[in-house]
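Here is a short note for a colleague meeting this structure for the first time. Please read it with the model open.

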Amino acid sequence: MKKIYLVIDTETTGSSPLGGDRILEIAAIPIYGNKILQNLSFQSLVNPLVLIPAQITGIHGLKNEDVSQEPTMAEVFPRFRDYVGGATIVGHNIVNDMTFFDIASKETGVLPLTNNYIDTIDIAHEVFSEGPYSLKSIAKRLKIRDVPTHRAMDDARVTAKVFLALARRLGGISEMIKYEKKWRG
């Protein structure tokens, strides 16, 4: 039976979910049978209910006025959790995103994600003996033309391509199960 891998990326107000930073944007793209299913993707901007620092806007370009009328995490997270289902989550430095989802779970009263997950950084360490291991660097080494833009959908798409390219180098997507870990929050 083929697995569903769900490549996820978020954009946030900063890097510290425990320090009050929150999610601004979520994107997810499923992979099934070695195919990226862009037409079945999930994407949403989120009103974080906190201000976006100017230096963070400089990274991803999202301003307070871009998200002030968007749904809050209380509206987005239940839909996102339903969308994720039992898929294996894939991401670049995914533990960071999962930590933000844990905070969202606590704040919204929605059950947390407990899916298996794979971090493309872990796989990249198997393929490349030396860094750097940024998404941009790995994509370039794998000759993927798309580049990360620090917007969730673009970066999820690049990560999906990186994941498949790394899988091919390690014997195929069926070999990725050995990189799965269980998220316990």
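1. Start with the second largest pocket. Helices α3 (73-84) and α4 each supply at least two residues of its lining. Helix α4 gives the most, with five residues. Keep in mind that this is a predicted model.

2. The volume of the second largest pocket is about 190 Å³. Its lining counts 16 residues, and those closest to the centre are Arg22, Pro48, Leu49, Met73 and Glu107. What is the make-up of this lining by class? It has 10 nonpolar, three polar and three charged residues.

3. Now turn to the largest pocket. It has a volume of about 510 Å³. There are 19 lining residues, and Asp9, Thr10, Glu11, His150 and Asp155 come closest to its centre. By class, the lining holds four nonpolar, 10 polar and five charged residues.

4. Which elements line the largest pocket? At least two residues each come from β1, α1 (54-60), α4 and α6 (135-141). Strand β1 gives the most, with four residues.

5. Tyrosine 5 has threonine 88 as its bridge partner in β5.

6. Strand β6 (residues 116-119) also pairs with β5. The sense is again parallel, over three bridges. Here isoleucine 89 has tyrosine 117 of β6 as its bridge partner.

7. Are the residues of β5 buried or exposed? Strand β5 covers residues 88-91, and both of its faces are covered. Thr88 and Val90 lie on one side, Ile89 and Gly91 on the other, and all are buried. In a regular strand, side chains alternate between the two faces of the sheet.

8. To sum up, follow two elements through the model.

Terms used
Residues are numbered from 1 along each chain as its sequence is written. This is a predicted model: local features need pLDDT of at least 70, side-chain atom pairs count only at pLDDT 80 or more; totals for chains, interfaces and linings use all residues. Side-chain values use heavy atoms; hydrogens and water are left out. Buried means under 20% relative accessible area, exposed over 50%, partly exposed in between (1.4 Å probe, protein chains only). Two strands pair if DSSP finds at least two bridges between them. On a 1 Å grid over the protein atoms alone, a cavity is a set of points where a 1.4 Å probe fits but cannot get out, and a pocket is an open set with protein on both sides within 12 Å along at least five of seven lines; lining residues have an atom within 4 Å of a point. Grid points are joined across faces, edges and corners, and a volume is the space filled by probe spheres set on the points. Ala, Val, Leu, Ile, Met, Phe, Trp, Tyr, Cys and Pro count as nonpolar, Asp, Glu, Lys and Arg as charged, and the others, Gly among them, as polar.
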